[in-house]
Amino acid sequence: MDTDLIVLRSMGALRKAAAEGQAYYSCERFEDRYGRLVVGIGARLDGRILRTVASLGRQAVHVSPVALYDGKHFQGMLEQAHDENRRDGVQEMYEAFALRHPQAAKKIAVLNPQAEDLEHGVCVGRYVRKLMRAYNGIQQNGAYQFTSKEMMSGFVAGVIHDIGCWRGLDLDGHAKRGADFLRKLVVDSKWVQTLAYWVEHHHLPVSLCTHEQMFKMLPLILAECVIEGGQQVVDDLVAEYTTDSTKNMLICLCNLEHAIPPLAVVRLHDREGGLKSELAVCLRNDKEMDFAPYLLRFAQVDVRGRPRPISLEHQCLIGRGHPAYDGRERVVVDLLSEQAYVRFFKDYEGLIAVYQRILSKERVSV
């Protein structure tokens, strides 16, 4: 058992400890959109919770050998632990880089970037890797999958994507400046030249990422967009750039950000673990300032995964405040083309006004 009050432990070490009956307790908060652990302070990390944590793409967790409670003293320790975690992220990048080019890694470390540079870069790098893993998870047999080398490269590229403006250098031209710096590190390395190419083009429009080689940069481009712009960016990306080549990647992005953009097909699961699920499409709501998603349930899915239609009436429309919405897990499984949406579902947008009137009457009666 560790003697320090707060320590950083890998998922593998925590699973081993749980199997041996050693208790660790979560010491992290969910404070931002960067994928930090969604477990309450003091929650005991047993095998079941660790499986949930692993599904979020976490590689390590701040833990304590005793249950801690919130307070100023705890917050101070937590901030110190996260400061150490930023250094751990850079060390992780350094080790990945050093596996191939130790001297180049040392030259990068000498740049001594500021804390905010490191925090942003580490968040982008980890998100790139998480997005690549999510993409691999939904690909069918025989479809393209990111290799472990590509995931390592994606993480490194994410950490150093803004290297051209480290140490307070100007943002103008930072992508080209950073790429030129990398190209000079190891002139004869194809891997470093690839990293330099990604860094130079990390603001490339998503619409240009159709060729296989360009597609490999897509996780970096999307990670940068989302971390800088938030969830609203997801809706904009889906609306503007959904094509056959980008659809699966954007579906993964929606689910990582828990976003349900218009024209998305959603599977609704019972949180209690029941077998019943439903399919719904997120209707477009252009005429209102209310941007809450309205889902039209159009099919039930039986235990064998076969969809069967349900009657289409105003009760089939759900949104925030509806028990069938708030009590269900929502997973995006498809993104419709404009043509398919208009053909099959556009006429049901009129149900939104009906739903809003019914919901407002229910609130008044309460």
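Tutor: Let us begin with Arg284, which forms a salt bridge with Glu349, the closest N and O atoms being 4.0 Å apart; a salt bridge here is a side-chain nitrogen of Lys or Arg within 4 Å of a carboxyl oxygen of Asp or Glu. This pair links distant parts of the chain, since Arg284 sits in the loop between β5 (277–283) and β6 (294–301) and Glu349 in the loop between α14 (338–344) and α15 (351–365), 65 residues apart. Helices (H or I, at least four residues) and strands (E, at least two) are DSSP runs, numbered from the N terminus. Arg284 is buried, with a relative accessible area of 17%, where buried means under 20% relative accessible area, exposed over 50%, and partly exposed in between, with a 1.4 Å probe and protein chains only.

This is a predicted model, in which local features need pLDDT of at least 70 and side-chain atom pairs count only at pLDDT 80 or more, while totals for chains, interfaces and linings use all residues. Residues are numbered from 1 along each chain as its sequence is written, and side-chain values use heavy atoms, with hydrogens and water left out.

Side chains of opposite charge can pair when their charged atoms come close. A search of the whole structure finds 10 salt bridges, and one of the pairs is formed by the side chains of Lys247 and Asp334, which meet at 3.2 Å, N to O. Here too distant parts of the chain are linked, Lys247 belonging to helix α12 (residues 247–256) and Asp334 to strand β9 (residues 328–335), 87 residues apart. Asp334 counts as partly exposed, at 27% relative accessibility.

A further salt bridge joins the side chains of Glu200 and Arg183, at 2.5 Å from N to O. Glu200 lies in helix α8 (residues 190–200) and Arg183 in helix α7 (residues 174–185), so this pair ties together parts that are 17 residues apart in sequence. Both ends are partly exposed: Glu200 has a relative accessible area of 23%, and Arg183 has one of 25%.
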